[in-house]
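Colleague: I am new to this one. Please show me how to read it.

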Amino acid sequence: MSNIVVDKSKVPWWVSNVIVPLVNLTLALLVSGLFVFIAGENPIEAVKLIIYGSFGYIQGFAYTLYYTTNFIFTGLAFAVAFHCRLFNIGGEGQAYIGGLGVFLVAINLSFLPVPIVWLLAIFGAFLFGAAWAYIPAYLQSKRGSHVVITTIMFNFIASSLMIFLLVDVIRDTNQMAPHTVKLPEEIWLPSFEAFSGILGIKIRYSPLNLTFLLAIASLFFVWFLVWKTKWGYEMRAVGHNTQAAIYAGISPHKNIIIAMCISGGLAGLLGVNEILGVSHKIQAGFPAGYGFTGIAVALMGRNHPIGILPAAFLFGILYQGGSEVTFEMPNITRYMFVAVQGLIILFSGALENLFRPQIESFFVRRLNREVNA
Amino acid sequence: MEFLSDIASLINSTLRISTPLVFAAMAGIFAERSGVIDFSLEGKMLMAAFVAAVGSYYLGNPWLGLLLAIIVCVCLSMLHGFASVTHKGDQVVSCVAINILIIGLTTALAAAWFGQAGLTPTLNEDQRFLEIHLPFADALRDIPVIGTLYSDILSGHYVFVYLAYLSVPLVFWIVFKTSFGLRLRAVGENPSAVDTAGINVFTMRYKALAINGVLIAFAGAHLSTAVNANFFREMSAGRGYLALAAMIFGKWHPKTALIACLLFGFTDALQIRLQGVELPVIGEIPVQLIQALPYILTVVLLAGFVGKAIAPNAIGQPYIKER
C-alpha cells in the first residue's frame, strides 16, 4: 500500500488539499453512520435532520453560525500551537479561564464607554487564556514536560479552580447555583436579532452575536501572524526542525512560549462569545467541549485559516443539526457527536495518509495522460 | 491503636486506588519502550470499563466481561498501530482521536442501550468481582502488627489488586531479562539497527501494542466490575494520563513507575480523607483544591523537579524502512 511513490511536485494543490480531505471526511462520516445504526437509529434520517436543523430555518442557521464562532476560536488555537509542533489540547481550560478574564474586566470596568469595555474585555479574555497556557509552555520548553499531559492536567485544574471560584468567591449570592451575577445590559454584545431588527426583519432568539465578526477577524490575524511575519516564520522553523532553527539563531524557548500564549489567548476568546455575547454570566462548565472540538476543526482544516473556516462551519452544522437529532431521536445523545469528532480526528489527522498515495497517483496519471494526448 | 488502624486503612486504599494506574503504567511501558507514544491509555481504560461492565451484565460472568474488554482493547491498540506504525500518521493525533472517540462512543452507547444518564445497569454479585479474603484473615486479625498487616492490608482486595502488583516483576522480567525484551527496547532506541539485525520493526511494535492492550483492559475492568458495580460517563477521570506521568517520572522502568503510581494512589487516598477536615494553621482546605491535588502533583512530577526523564530515543517517530 505504501509502496506507491508519487512525485509530490506533480500533484495539483487541489488534490492534496481538497480531494484527499474530502475523502477522509467521507470515511469518518460513513463510520459515524455505522455507530448511529448500532445505537438503533436510521443514519439517513439523521443526516436529513442535521441538514434541516442547521439550514432549514433562519433561527437554526443563526445557531449554526454561533457554534461556528466558537469553533473558529478553538480551531485557530490548536492550529497556531501545532505550527510550532505543540499539541495544545488544553483549549478547554484556557477558554474557561478566558471567560473569567472577560467577566472580571467587564464587571469591574462597566462604567467606561461601551466599545472600550468590549475591547478591554476581549483583551482580558486573551490575556487570561494566554496566562493559563503559559505554565505548560514554560514547563515544555524548560523542563521537557510533555505539553499534552500538562495541558490536560491544566484542564482538570482549571475546572476545579473555576468551580471553587463559582461556589465560594464570585457566585451570585442571591441564589445557590454555581454561576455569577449577570453583566449590566448596556455592555452586552449586540445580537443577531438586534441587527436584523434594524433591517426590519423580525426573527426569534438566537445566540449569534457580534463575536462572529471577531472570529472572522481572528482568521485574518492568524493568517497574517503565522505566514506574513518574521515571528511566524521563526515559530514554524522551530516546529519544523528545532535543531536547524537553533543553528539559524532562533530561540525555541521564546517561540514555544509565544506560540502557546497566542494559542491559549485565542481559546480564551471563546469566553467573549459565551459571556459577553450569550449568557452574560459565567456558568459552571460553559466551555462544554468546544476546546476539544477545536482539535478536530484544526486537523480537518489542515491548520490553515482557509481550511479552518469551512471546518468550523461543518462542525457548526454537526452541532446545531445534532441537537435537532438528539431532540427527535431518543437513542442519540450529544455524546454521539463527540464520537463523530473522534472519528474525524482519526481519519483526517492520524490516518490522513490512508488513501493519499492512491488518490494522488490516480490524478497524476490522469493528468499525464491528458498532457500526452 | 486508633492511629495504627487509620494508617492501615490508608495503605489499604492506596493499594486499591493505585491498581488501575499500575496496570496502565505497565501498559505504557510496553508501548513507549517500543517507540510508540501512548496517550490513548485513558481512552482504552474507559473503553475496557465500558465493555467489561456491559459484557459481564449480558454474559453473567465478570471473567467473560474481562475477556471481551481485552479483545476490544487489543483492537484499539491495533488501530493505533495501524495509524501510527503502518501509515506513519502522527502518534499523538492518533491517541487524541482514540480518546475523544471513546469518550463519545461509550457514553452514547450506554445512553442508547440503557437510558439517558449514560450509566450501565448495576451488576449483581455474580456479575462482578468480589473482594478476596485470604485464608485465616479473620483468625489472625487480633495479633498485633502481623494481624494488621495481613488481615487489614494484604487481605480483602479485589483480584486485580493482586494481579497488578504481580504484573510489575513480570513486566520487569520480560522487558529486562528476556530476548523479547531486549528487542523491544532496541526497537524503541534504534529501530534501524534492529532492522539490520533481521528483526521486523513493525511486528515488534505491533506485539508491544498487543501486550499494551491486554494490560490496560485489566485497569478498566477493575474500575467497572470490581470497585464500582457499573460503568458511568468518563469514569477513568484522567487516570490514563496520571499513569503516563507516573511512567515518565519512573523513567520508563517498572519499579520506579510502580513507586510513582503508589505516590499518586496515596495522594488520592489522602485527599478523600482530607475533605472537610480542619487542619492546624491552614484551616479547612477547599474541597476543589484537594480534588485537584493528583493533577497538580502530575504537573509537578512532570516538571522534573526530582530529576530529568530521558525517553526512549526513537519515541514518536514512525519507522521508515529504506529501500
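Colleague: How many residues of chain A are in contact with chain B?

Modeller: First, this is a predicted model: local features need pLDDT of at least 70, side-chain atom pairs count only at pLDDT 80 or more, and totals for chains, interfaces and linings use all residues. Residues are numbered from 1 along each chain as its sequence is written, while chains are lettered from A and ligands numbered from 1 in the order in which they are written. Two residues are in contact if their C-beta atoms, placed from the backbone, lie within 7 Å. Here 40 residues of chain A touch 41 residues of chain B.

Colleague: Which classes make up the side of chain A that touches chain B?

Modeller: Ala, Val, Leu, Ile, Met, Phe, Trp, Tyr, Cys and Pro count as nonpolar, Asp, Glu, Lys and Arg as charged, and the others, Gly among them, as polar. That side of chain A has 26 nonpolar, 11 polar and 3 charged residues.

Colleague: Is Met260(A) buried or exposed?

Modeller: A residue is buried if 20 or more other C-beta atoms lie within 10 Å of its own, exposed if 12 or fewer, and partly exposed in between. Met260(A) is buried, because 30 other C-beta atoms lie within 10 Å. Helices are DSSP runs (H or I, at least four residues), numbered from the N terminus. Met260(A) sits in helix H11 (residues 252-268) of chain A.

Colleague: What does Met260(A) contact, leaving aside its neighbours within four places in sequence?

Modeller: Its contacts include Ala81(A), Leu86(A), Tyr134(A) and Pro136(A). By contrast, Thr293(A) is 33 residues from Met260(A) in sequence and 18 Å away in space, C-alpha to C-alpha.

Note on methods: Helix = DSSP H or I, 4+ residues; strand = E, 2+ residues; numbered from the N terminus.
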